[in-house]
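Colleague: I have the model open and would like to go through it with you. Could we begin with the enclosed spaces and then turn to the sheets?

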Amino acid sequence: MAKPLTIEAFEEACDIVKKVTLPTDLIFSDYYSAETGAKVYLKPENMQRTGAYKVRGAYYKISTLSDEERQKGLITASAGNHAQGVAYAAKAYGVKAVIVMPTTTPLIKVNRTKALGAEVVLYGDVYDEACDKALELAREHGYTFIHPFDDPGVATGQGTIAMEIYKELPLVDMILVPVGGGGLATGVSTLAKMLNPKIQVIGVEPEGAACLTQSLKNGKVTTLPTVNTIADGTAVKTPGSHIFPYLQKNLDRVITVPDEELVMAFLDMVENHKMVVENSGLLSVAALKHLDVRDKKVACVLSGGNMDVITMSSVVQQGLILRDRIFTLSVQLPDKPGELSRVAGVIAKAGGNVIKLEHNQFVSINRTAAVELRITLEAYGTDHKNQILDALTKAGYQPKLRHTII
């Protein structure tokens with residue numbers, strides 16, 4: 001086997017991972033291109049086998065092990081996507097896999113990992129705690145540990161994404177890549193710079209788990225005290241120490257994205273591309289608004305699509321609220337027949353769609369003076385919401401915006 005993170009190793013990895021990966025050809029995004037003035041292409045690893053890019057690094061790394069190392073059994077820690085990658089690769093080689101996952105891991109990722117034949121151990125609240133447990137079990141049982149990101153061999157497998165982007169889009173100017181522990185960013189940025197040093201590679205972290213940003217600022221690997229983000233696949237406290245020098249050298253910059261922008265990006269992706277992409281996978285497209293990419297050819301890596309239905313429902317709901325497509329207001333009106341109908345008529349004329357009503361007769365001791373009507377509405381966006389509020393104001397009401405709970 002070639003030495004990891006060399007051009008020979010990347011070429012070797014490309015041949016090996018083809019045995020287990022599905023084609024994820026670039027998708028030109030009319031929507032994001034129009035929004036940014038760039039030519040934006042999506043690398044849909046959410047459509048990859050096991051629902052994420054992680055199968056690349058896991059399979060390539062396991063291919064480099066000796067038969068003895070594989071037969072000991074494999075163990076790793078993961079919030080889900082690497083777990084499925086290792087489980088799939090272990091099944092292909094016919095060896096045992098033990099996966100330690102944080103207790104907060106979405107159920108769909110746990111079940112899919114088990115379905116691939118792996119033994120799952122739930123431990124800790126975040127990846128770092130699960131990793132410590134996996135290392136403990138590896139020492140206790142003699143398993144071979146496959147690190148999800150801090151391994152040059154794993155990073156080499158992930159870097160095959162850059163080779164595929166380059167072959168499809170040789171004149172690519174910029175590649176945006178999500179960052180958790182840094183394995184994907186290491187592989188993609190290292191190979192991209194080998195293929196063309198002018199390609200900009202930008203890492204994108206969730207604002208609530210910006211361990212690489214802090215480490216680069218400090219000039220050394222730094223552990224965050226806590227992480228808090230809906231992007232569970234990138235909720236990592238400490239970037240990889242073995243791969244950190246490659247990240248320092250090959251990433252042009254790292255930016256962060258707040259969770260609420262991931263929520264809105266999910267809505268955009270579903271409505272405009274009809275694809276489910278998990279929150280971590282959306283970091284690359286959410287970052288577009290923070291960059292000047294006009295007239296550039298940009299490839300955004302959508303790193304995964306493993307999201308459970310409950311999370312999906314919550315994200316859609318929050319996205320609609322953040323976009324003012326669902327909002328709640330209250331008005332006070334006399335408690336007498338016909339008033340409710342009159343309010344409804346004003347809203348209907350303004351094009352609003354009522355989806356929930358609460359009529360509170362006990363807002364005031366004097367019920368004849370006023371009752372409160374709380375209304376949750378559907379609108380087309382902020383401008384339409386304001387039109388509805390203006391219509392109610394002109395009709396003599398004093399609408400007040402309220403916190404929306406559906």
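Colleague: How much space lies in the second largest cavity?

Modeller: About 50 Å³. Please bear in mind that this is a predicted model.

Colleague: Which residues line the second largest cavity?

Modeller: The lining consists of P106, K109, D232, E278, N279, N306, M307, D308 and T311. By type, these divide into 2 nonpolar, 3 polar and 4 charged residues.

Colleague: And how many cavities of 30 Å³ or more does a search of the whole structure find?

Modeller: The search finds 2. The largest cavity has a volume of about 300 Å³.

Colleague: Which residues lie nearest the centre of the largest cavity?

Modeller: Of the 26 lining residues, Y53, K54, G180, G233 and T234 lie nearest the centre. The lining of this largest cavity comprises 11 nonpolar, 12 polar and 3 charged residues.

Colleague: Which helices each supply at least two residues of that lining?

Modeller: Helices α5 and α10 (183–195) do. The largest share comes from α10, with 3 residues.

Colleague: Let us change topic to the sheets. What is the strand order in the sheet of 4 strands?

Modeller: That open sheet has the order β5-β4-β3-β6, and its pairing is parallel. Its edge strands are β5 (119–122) and β6 (144–145), each of which pairs on one side only.

Colleague: How many bridges join β3 to β4?

Modeller: There are 4 bridges between β3 (residues 74–77) and β4 (residues 97–101), and the two strands run parallel. Within that pair, T76 stands opposite I99, and A77 stands opposite V100.

Colleague: Is β4 largely enclosed or open?

Modeller: It is largely enclosed by the rest of the structure, because 5 of its 5 residues are buried.

Colleague: Which way do the residues of β4 point?

Modeller: A97, I99 and M101 point one way from the strand, whereas V98 and V100 point the other way; all of them are buried.

Colleague: Which strands does each of α5 and α7 lie across?

Modeller: Helix α5 (residues 81–93) lies across β3 and β4, and runs at about 175° to β4. Helix α7 (residues 127–141) lies across β3, β4, β5 and β6, at about 160° to β3.

Colleague: What about the sheet of 6 strands: what are its order and pairing?

Modeller: This one is also an open sheet, in the order β1-β2-β10-β7-β8-β9, with mixed pairing. The edges are taken by β1 (27–28) and β9 (253–257); each has a single partner strand, so one side of each is left without a neighbour in the sheet.

Colleague: How do β2 and β10 run, and how many bridges join them?

Modeller: They run parallel, and 6 bridges join β2 to β10 (residues 297–302). In this pair, K43 stands opposite V301 of β10.

Colleague: One last residue. Where is T50 found?

Modeller: T50 is in the loop between β2 (39–44) and α3 (54–63).

Colleague: Why does T50 count as buried?

Modeller: Its relative accessibility is 15%, and the cut-off for buried is under 20%.

Colleague: What is T50 in contact with, leaving aside its neighbours within four places in sequence?

Modeller: T50 is in contact with V55, Q84, G85, Y88, L116 and N306. To return to our first topic, N306 is also one of the residues that line the second largest cavity.

Conventions:
Residues are numbered from 1 along each chain as its sequence is written. This is a predicted model: local features need pLDDT of at least 70, side-chain atom pairs count only at pLDDT 80 or more; totals for chains, interfaces and linings use all residues. Side-chain values use heavy atoms; hydrogens and water are left out. Two strands pair if DSSP finds at least two bridges between them. Contact means heavy atoms within 4.5 Å. Axes are lines fitted to C-alpha atoms, for helices over the stretch in contact, and angles run from 0 to 180 degrees between N-to-C directions. Buried means under 20% relative accessible area, exposed over 50%, partly exposed in between (1.4 Å probe, protein chains only). On a 1 Å grid over the protein atoms alone, a cavity is a set of points where a 1.4 Å probe fits but cannot get out, and a pocket is an open set with protein on both sides within 12 Å along at least five of seven lines; lining residues have an atom within 4 Å of a point. Grid points are joined across faces, edges and corners, and a volume is the space filled by probe spheres set on the points. Ala, Val, Leu, Ile, Met, Phe, Trp, Tyr, Cys and Pro count as nonpolar, Asp, Glu, Lys and Arg as charged, and the others, Gly among them, as polar.
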